[in-house]
Amino acid sequence: MDMGYADYGGGPGAEHGGGHAGHDMSGVSVADLTGPSDGTPVMTATLIARQGTVTLASGEQVQGYTLNGRTPGPELVAQQGDLVQVTLRNKDVEGGVTLHWHGIDVPNAEDGVAGVTQDAVPVGGSHVYRFVVPDAGTYWYHSHQVSHKQVRGGLFGTFVVTPAEGPPTTTATDVLAVVHTYDGRRTVNGSTGISRAVMAPGSVSRVRVVNTDSAAARVWVTGSPYRVLAIDGYDLTGGAAVRGKMLLVPAGGRADLEVTVGERGSRVDVGGVAALYVGPRGGRLPARAEPADELDLLTYGRQEADLPVDPQRADRRFDYDIGRRIGFLDGRPGFWWTVNGHQFPDVPMYVVDEGDVVVMTIRNNSGESHPMHLHGHHAVVLSRDGVESTGSRWWVDSLQVEDGESFEIAFVADNPGIWMDHCHNLPHAAEGLVAHLSYNGVSEPFRVGREIGGAHNHPE
């Protein structure tokens, strides 16, 4: 509880001893909540983190970070259910590094957050992550040590999990569209300007948009309509073809788009600065102005699947009210973010028992928009500003909450540990827009600010 005050959401408190439905978590350490220690991994990788001069795919040079000499780092690919083992080695990144598996609901000890789930890996050190990938989808990985600098500087990569063996659900060809801004240069797949994927007209592509920036990406398609197949790794049902509308992808969020390549090719624009062209070799397609209308995922598609949770019978109900006020953060005076009127580190520690059904209301009256990211869990959107979701079930791990908006979301507390729940505009997180989800009975051996081998734990 050193990371905030306890908020039990109307459920049993610490005296309960932990353990909804008989699961006793008392005495369990975050460090014990690991992935499988035995078994042969299906996918292995070694990622070596370095800092210095970075050459982008389009030739420009910036100061930043690489993994295995490149940024974005290597694309990792696994199949749903695979045991994965990734070794992170820190060659020379001052201040230490970690790897967080953004959107993959890994066991808590594998989550890669310095000072919360592990210590930062110092220069010359290494750390091994082992976990089973539970769900197919589009994800990414990035450092969660001084993240507002290291992620911005290029310490990240993509992670695509394909469905478990069975009949293919689509014949579309995968194409990545990784959005990142390096030193003021917005790129797609590491290139300023136009990134290209050669495909014949009439062929179908699954464009996996991954927004690694700290601001939302406004995405639209020229040359053909598109359908939204998935958000944050979860499939949408019954989405119709979209024309003349842009899709807002929050910071940290992902969107899989089905694009049938037009006669002159198709162009996926990201904010009108960088774009992905999918079409015949040498083809060109002029940019089209950003559509005025935004696709509303609250009503997109059809609601076929029943909710696996009953929000009317929630075990815990939490408020996450985002504001701003004058105060001190780490002894520095300023105009800092607040959660429920409190400034970091005196912010809520949302306490649950394993198996709880949780309903959380997120309200934003801070004057700016915030992409909120919950680690270790996916939540379903129930409503926005009191209007119920009527489209396909909209599951998220990264949710854009505009100023003046409120969302009601629900999830099952089915992944024990201590988890960050923070703004993924990473400078905002560094300015105190951070809270935690904590399971009753789980102890915390790590500490923010602690020094290990010359590196201090600073997750944001």
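Guide: Let us begin with one residue and its surroundings. Leaving out residues up to four places away in sequence, T138 touches F159, R208, V210, G233, R254 and D256. Please bear in mind that this is a predicted model.

Visitor: In which strand is the place of T138?

Guide: T138 belongs to strand β9, which covers residues 137–142.

Visitor: Is T138 buried or exposed?

Guide: The relative accessible area of T138 is 0%, and the cut-off for buried is under 20%, so T138 is buried.

Visitor: With which side chain does the side chain of T138 make a polar contact?

Guide: The partner is the side chain of R208, at 2.6 Å.

Visitor: How should I read a pair of aromatic rings?

Guide: Such a pair is described by the distance of the ring centres and the angle of the planes. This structure holds 10 aromatic pairs. In one of them, the centres of the W140 and F156 rings are 6.3 Å apart and the planes stand at 80 degrees, so the pair is edge-to-face.

Visitor: Which parts does the pair of W140 and F156 tie together?

Guide: W140 lies in strand β9 and F156 in strand β10 (residues 156–162), so the pair ties together parts that are 16 residues apart in sequence. W140 is buried, with a relative accessible area of 0%, and F156 is buried with a value of 0%.

Visitor: Which residues form an aromatic cluster?

Guide: One cluster is formed by W101, Y129, F131, Y141 and F159.

Visitor: What does H100 touch?

Guide: Not counting residues up to four places away in sequence, H100 touches D111, G112, W140, Y141, H142, H144, H373 and H375. H100 is placed in strand β7 (residues 100–102), and at 1% relative accessibility it counts as buried.

Visitor: How do strands of a sheet pair?

Guide: They pair through backbone hydrogen bonds, either parallel or antiparallel. Strand β6 (residues 83–90) shows both arrangements: 7 bridges join it to strand β3 (residues 43–55), and these two run parallel, while 7 bridges join β6 to strand β8 (residues 126–132), and these run antiparallel. A49 stands opposite N90 in β6, and the bridge partner of Q85 in β8 is R130.

Visitor: How many residues of strand β6 are buried?

Guide: Strand β6 is mostly covered, with 6 of its 8 residues buried.

Visitor: What is the order of the strands in the open sheet of 6 strands?

Guide: The order is β13-β21-β20-β15-β18-β22, and the pairing is mixed. At the edges are β13 (194–198) and β22 (293–294), each of which pairs on one side only. Within this sheet, strand β15 (residues 217–222) and strand β20 (residues 266–270) run antiparallel and are joined by 4 bridges. T222 stands opposite R267 in β20.

Visitor: How should I think about nonpolar side chains?

Guide: In soluble globular proteins, they tend to be buried together. Here the largest nonpolar core has 71 residues, and Y226, V228, L247, L257, L276, Y320 and W394 touch the most other members. Apart from that core lies another, of 26 residues, including A45, A78, V121 and F159.

Visitor: With which residues is L276 in contact?

Guide: Leaving aside neighbours within four places in sequence, the contacts of L276 include V175, L176, A177, V188, S266, R267 and V268. R267 is the residue that T222 stands opposite in β20.

Visitor: How far apart are R186 and D213 in sequence and in space?

Guide: R186 and D213 are 27 residues apart in sequence and 9.1 Å apart in space, C-alpha to C-alpha. A polar contact of 3.3 Å joins their side chains. R186 is found in strand β12 (residues 185–188), and at 16% relative accessibility R186 counts as buried.

Visitor: Where does G441 lie?

Guide: G441 lies in the loop between β34 (434–439) and β35 (442–443). With a relative accessible area of 32%, G441 is partly exposed. G441 and V352 are 89 residues apart in sequence and 9.7 Å apart in space, C-alpha to C-alpha.

Terms used
Residues are numbered from 1 along each chain as its sequence is written. This is a predicted model: local features need pLDDT of at least 70, side-chain atom pairs count only at pLDDT 80 or more; totals for chains, interfaces and linings use all residues. Side-chain values use heavy atoms; hydrogens and water are left out. A nonpolar core is a set of buried Ala, Val, Leu, Ile, Met, Phe, Trp, Tyr and Cys residues joined through side-chain atoms within 4.5 Å. Buried means under 20% relative accessible area, exposed over 50%, partly exposed in between (1.4 Å probe, protein chains only). Contact means heavy atoms within 4.5 Å. Two strands pair if DSSP finds at least two bridges between them. A polar contact is a pair of N or O atoms within 3.5 Å; within protein, one must be able to donate a hydrogen and the other to accept it, and residues adjacent in sequence count only if both atoms are side-chain atoms. Rings of Phe, Tyr and Trp (its six-membered ring) pair if their centres lie within 6.5 Å; planes under 30 degrees apart count as stacked, over 60 as edge-to-face and the rest as tilted.
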